[in-house]
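Welcome! Take a look at the model below, and then we can go through it together, one question at a time.

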Amino acid sequence: MRLSQLFFTTLRDDPADAEMPSHRLLVRAGYVRQLGAGIYSLLPLGFRVAKRVEQVIREEMDGIGCQELEMPVVHPADLWRESGRYDSIGPEMARFKDRAGRDMVLAMTHEEVVADLLRDIVRSYRQLPLMVYHFQTKFRDEPRSRGGLIRVREFVMKDSYSCDLDTAGLDVSYEKHYEAYSRIFERLGLRAIAVASDVGMMGGSAAHEFMVLNPAGEDELVLCEACGFSANRQVAKARVSEPPAEESLPLEEVATPGAATIADLAAFLEISPERTAKAIFLVDGTGRLVTAVVRGDMDVNETKLANTVKATVFRPAQPEEIRAAGMWPGYASPIGAHDTLVVVDELVARSSNLVAGANREGFHLRNVNAGRDYTPDVVADIVAAREGDGCPSCGAPVSIRNGIEVGNIFKLGTKYTQALGATYLGEDGNRHPIVMGSYGIGVGRAVACIVEAHHDVKGIAWPEQVAPYAAHLVSIGGAREPKVQAVARRLHDAAAAAGREVLWDDRDESPGVKLTDAELLGMPRIVTISPRSLAAGGVEVTVRATGDRSIEPVEAVEAWLTRS
RNA sequence: CGGGGCGUGGCGCAGCUUGGUAGCGCGCAUCGUUCGGGACGAUGAGGUCGGAGGUUCAAAUCCUCUCGCCCCGACCA
């Protein structure tokens with residue numbers, strides 16, 4: 001491909017709205033262009049990268065016996081009504097009516113379609129197990145897109161679905177995906193770590209997310225260097241030293257004027273925050289007030305809390321709502337509370353003689369003991385793991401890092417097949433729901449993560465497996481140097497003839513421009529052809545990632561470019 | 001949805017406070033010189049100042065509304 005013909009342009013300046021390296025470089029080097037918030041075009045270079053990423057994924061999916069197909073982007077709303085998600089999913093799903101007035105949706109995912117296909121096609125246990133996948137555009141109207149290609153609203157995802165007779169079969173399919181994903185990210189040049197994750201609104205029994213560490217990542221991971229434990233902070237258990245066993249002391253009210261925060265309270269009473277209990281008030285989707293009680297030095301993990309009380313969404317409670325339940329914001333505790341669900345963290349339940357609110361402005365109570373002074377409705381692990389807490393597996397201190405989710409695998413179970421009636425007739429003569437798993441990888445996000453991991457101040461440095469072209473020929477001297485032109489054309493044409501197209505910067509630009517652009521674009525090898533290199537015996541080959549350069553005979557480079 | 005910021009030629013920006021002929025750098029076009037690290041000279045093209053309404057003799061500039069984009073938060077297979 002001649003650069004003079006390529007539909008692209010490089011930018012000398014960083015685009016004003018790009019912050020992450022991947023965003024800046026992909027725009028600046030002419031790989032992508034933004035159309036709207038979270039909506040991007042892939043230019044020819046970007047498209048080639050995406051195709052190569054897809055090919056890696058395709059090979060690994062095919063390798064585990066997953067069959068490629070294609071399912072629609074536009075779905076009748078009725079299909080989503082059958083699974084119940086038409087109503088349970090919020091405004092992030094785009095809805096519209098067709099000309100006949102039928103409700104339609106833009107697909108966010110394809111569990112329903114798979115289940116619909118299964119109920120059409122699968123009759124007997126002999127037809128299972130089965131795995132299918134496709135690459136398809138998804139539209140999710142995220143409340144906030146950000147970070148260039150990292151978080152977008154429209155994107156291509158590889159999603160696959162396993163369909164098994166039972167959960168034992170699901171375990172096998174899940175494991176196959178786990179292994180395939182590990183190989184995929186390895187091949188893509190991504191150091192992805194699998195972390196246990198929340199199953200969220202997808203339902204199901206187990207899930208892993210494949211995460212790439214990145215300071216700008218939106219997920220928080222709890223990692224243990226000692227034993228390799230890893231989990232999403234949303235679900236990670238924290239091991240904290242056991243509270244001292246003490247005799248319960250009598251309740252004692254103490255004036256704490258102005259001490260409405262844990263920090264103020266601890267300072268005022270000259271005690272450690274560990275000796276206090278704090279109450280957090282949330283209202284769930286049904287309007288129920290949830291009072292969560294954790295130790296003063298810890299924070300509530302809303303995901304854990306939501307799973308504990310079977311809530312889907314929370315909002316912070318208003319002060320009036322808290323007072324209506326018999327508690328006083330700033331000086332609150334569940335003592336004497338009513339009309340609220342009291343959820344107490346395990347650690348608080350096991351602690352003795354904590355300081356907690358008196359539900360009276362300016363007063364706290366010493367020696368509060370759960371069970372004696374108030375009755376928890378639920379006792380559960382609801383706190384967020386902290387940096388330095390004990391690893392739940394080995395006890396060593398954990399660290400907390402940000403990560404970007406590049407893939408996920410879910411054990412779905414029978415949620416969708418039951419709702420849609422996708423069943424098979426078993427060996428036992430009975431009808432059973434098919435057991436599903438679902439597995440996703442965002443292609444564009446993977447591309448962005450590869451750039452995050454493979455770039456320097458000069459530009460991108462693609463791993464060979466995903467580079468849009470294996471080599472970038474830079475001819476120096478232009479039309480004045482027929483020998484240079486001839487060698488460049490020979491290499492370019494030979495590679496093209498061998499089906500291994502290379503990029504050739506044949507533009508009439510100064511050497512500085514061409515070399516700078518070559519480094520920005522990031523092909524694995526930059527081949528410089530100039531009077532100087534020819535005089536030295538060939539062409540100069542620079543390894544983009546390392547900067548290593550050497551003069552190679554033209555024949556050797558030609559052989560390398562054309563080998564299959 | 002809450003908070004903050006920004007919309008001026010393809011890109012990056014100044015001009016706005018204090019209304020009065022729209023500017024700079026890069027890029028682009030033509031010609032000439034140059035040619036291994038973002039060259040130089042000359043000439044030139046290109047802008048409804050996001051949009052609508054208002055104030056005014058006069059609006060990029062002041063006022064109102066509106067659209068879009070970015071960042072933080074909330075949210076999120």
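**The RNA and its surroundings**

Q: Of the atoms of RNA strand B within 4 Å of the protein, what percentage belongs to sugar or phosphate?
A: Part of these atoms within 4 Å of the protein belong to bases. The share that belongs to sugar or phosphate is 47%.

Before we go on, this is a predicted model, where local features need pLDDT of at least 70 and side-chain atom pairs count only at pLDDT 80 or more, while totals for chains, interfaces and linings use all residues. Residues are numbered from 1 along each chain as its sequence is written, chains are lettered from A and ligands numbered from 1 in the order in which they are written, and side-chain values use heavy atoms, with hydrogens and water left out.

Q: Which helix gives the most residues to the surface near RNA strand B?
A: A residue is near the strand if one of its heavy atoms lies within 4 Å of it. Strands S1 (32–36) and S21 (399–413) and helices H14 (511–521) and H15 (531–535) each supply at least two residues; helices (H or I, at least four residues) and strands (E, at least two) are DSSP runs, numbered from the N terminus. With 7 residues, the top contributor is H14.

Q: Which side chain has an N or O atom 2.6 Å from a base nitrogen of RNA strand B?
A: Polar contacts here are pairs of N or O atoms within 3.5 Å; within protein, one must be able to donate a hydrogen and the other to accept it, and residues adjacent in sequence count only if both atoms are side-chain atoms. Asp-517 has a polar side-chain atom 3.4 Å from a base nitrogen, and Asn-408 has one 3.4 Å from a sugar or linking oxygen. The side chain at 2.6 Å from a base nitrogen is that of Arg-480.

**A sheet and some cysteines**

Q: Why is one side of S13 and of S18 left without a neighbour in the sheet?
A: The open sheet has 3 strands in the order S13-S19-S18, paired antiparallel; two strands pair if DSSP finds at least two bridges between them. S13 (252–255) and S18 (354–360) stand at the edges, so each has a single partner strand.

Q: How many disulfides does the structure hold?
A: A disulfide is a pair of cysteine sulfur atoms within 2.5 Å. For Cys-224, the nearest cysteine sulfur, that of Cys-394, is 3.5 Å away. For Cys-391, the nearest is that of Cys-227, 3.7 Å away. The number of disulfides is 0.
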